[in-house]
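Please look at the chain shown below and follow its charged pairs, its aromatic rings and one of its helices in turn.

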Amino acid sequence: MRLTVVVAVAVLLAGVLALLRAQRINRASIERDGLSRFRDTFRGRFPEILLAHVYRYLAERHGAVAPHYIVRPTDDLQRVYGLVDLDLEDAVLVIADRAGARLPRAIELDELKAGVHTVEDLLRYLEPFFRPEVVKG
C-alpha cells in the first residue's frame, strides 16, 4: 500500500512538472512569434511591408529584439514607446524611408499630433504612403 502511494505521488508530481514545462515552452513560443501575431492581427488591412517595418521599429524603440516582442494595436504610442511630437514625426519618416515608401510632406506630418495615438492609428496614417503607386522607384 505504501509503495502504491509513493508511486502515485511520484507520477502526479511528474505530471505537474511536465505541465509546467509545457506552459513555459508555449509562452516562449508565443513571445518568439510576436511579429507573426502582429501581422495576423492586421492581415489584409495593411501592406505586409508596412506591418513588418512598424513592428521592427516599435520593438527596437522599446529595446526588444524582434521577433520576440508583442506589439498590440491598442498600445499607446506616447506611454508605451515614448513617441510624441517630433519623436513621432521621426518615427514616421524612419519607417517610411526604411521601407522605400514615399515620405510624408511637412503639411502631412501636421496631422500626426491630432490623429495618431495608438499603433493602429500609426498604421492607418502610414498606409497611404505604402500604396504601390506612391512607393519609390
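Which side chain meets that of glutamate 60 in a salt bridge? The partner is arginine 98, and the N to O distance in this salt bridge is 3.1 Å, where the term stands for a side-chain nitrogen of Lys or Arg within 4 Å of a carboxyl oxygen of Asp or Glu. The pair links distant parts of the chain, since glutamate 60 belongs to helix H3 (residues 48-61) and arginine 98 to helix H5 (residues 86-99), 38 residues apart. Helices here are DSSP runs of H or I with at least four residues, numbered from the N terminus.

Before going further, note that this is a predicted model, in which local features need pLDDT of at least 70 and side-chain atom pairs count only at pLDDT 80 or more, while totals for chains, interfaces and linings use all residues. Residues are numbered from 1 along each chain as its sequence is written, and side-chain values use heavy atoms, with hydrogens and water left out.

Glutamate 60 is partly exposed at 44% relative accessibility, and arginine 98 is also partly exposed, at 46%; the term covers values between buried (under 20% relative accessible area) and exposed (over 50%), computed with a 1.4 Å probe on protein chains only.

The structure holds twelve salt bridges, and another of them joins the side chains of glutamate 89 and lysine 113, with 3.9 Å from N to O. Glutamate 89 lies in helix H5 and lysine 113 in helix H7 (residues 111-115), so this pair ties together parts that are 24 residues apart in sequence. Glutamate 89 is buried at 15% relative accessibility, whereas lysine 113 is partly exposed at 48%. A further salt bridge, at 3.0 Å from N to O, is formed by the side chains of arginine 131 and glutamate 127. Salt bridges that share partners also join Arg39, Asp40, Arg43 and Glu48 into one network.

From charges we turn to rings. There are four aromatic pairs, counted when the ring centres of Phe, Tyr or Trp (its six-membered ring) lie within 6.5 Å, with planes under 30 degrees apart called stacked, over 60 edge-to-face and the rest tilted. One of them is the edge-to-face pair of phenylalanine 38 and phenylalanine 42, whose centres are 5.3 Å apart and whose planes stand at 70 degrees. Both residues lie in helix H2 (residues 34-42), four residues apart, which is about one turn of the helix. Phenylalanine 38 is buried at 1% relative accessibility, and phenylalanine 42 is buried at 0%. The rings of phenylalanine 38 and tyrosine 55 have their centres 5.7 Å apart and their planes at 45 degrees, so this pair is tilted. Phenylalanine 38 is in helix H2 and tyrosine 55 in helix H3, so the pair ties together parts that are 17 residues apart in sequence. Tyrosine 55 is itself buried, at 0% relative accessibility, and ring pairs link Phe38, Phe42, Phe46 and Tyr55 into a cluster.

After H3 comes glycine 63, whose phi is positive, near 85 degrees.

Key:
Helices (H or I, at least four residues) and strands (E, at least two) are DSSP runs, numbered from the N terminus.
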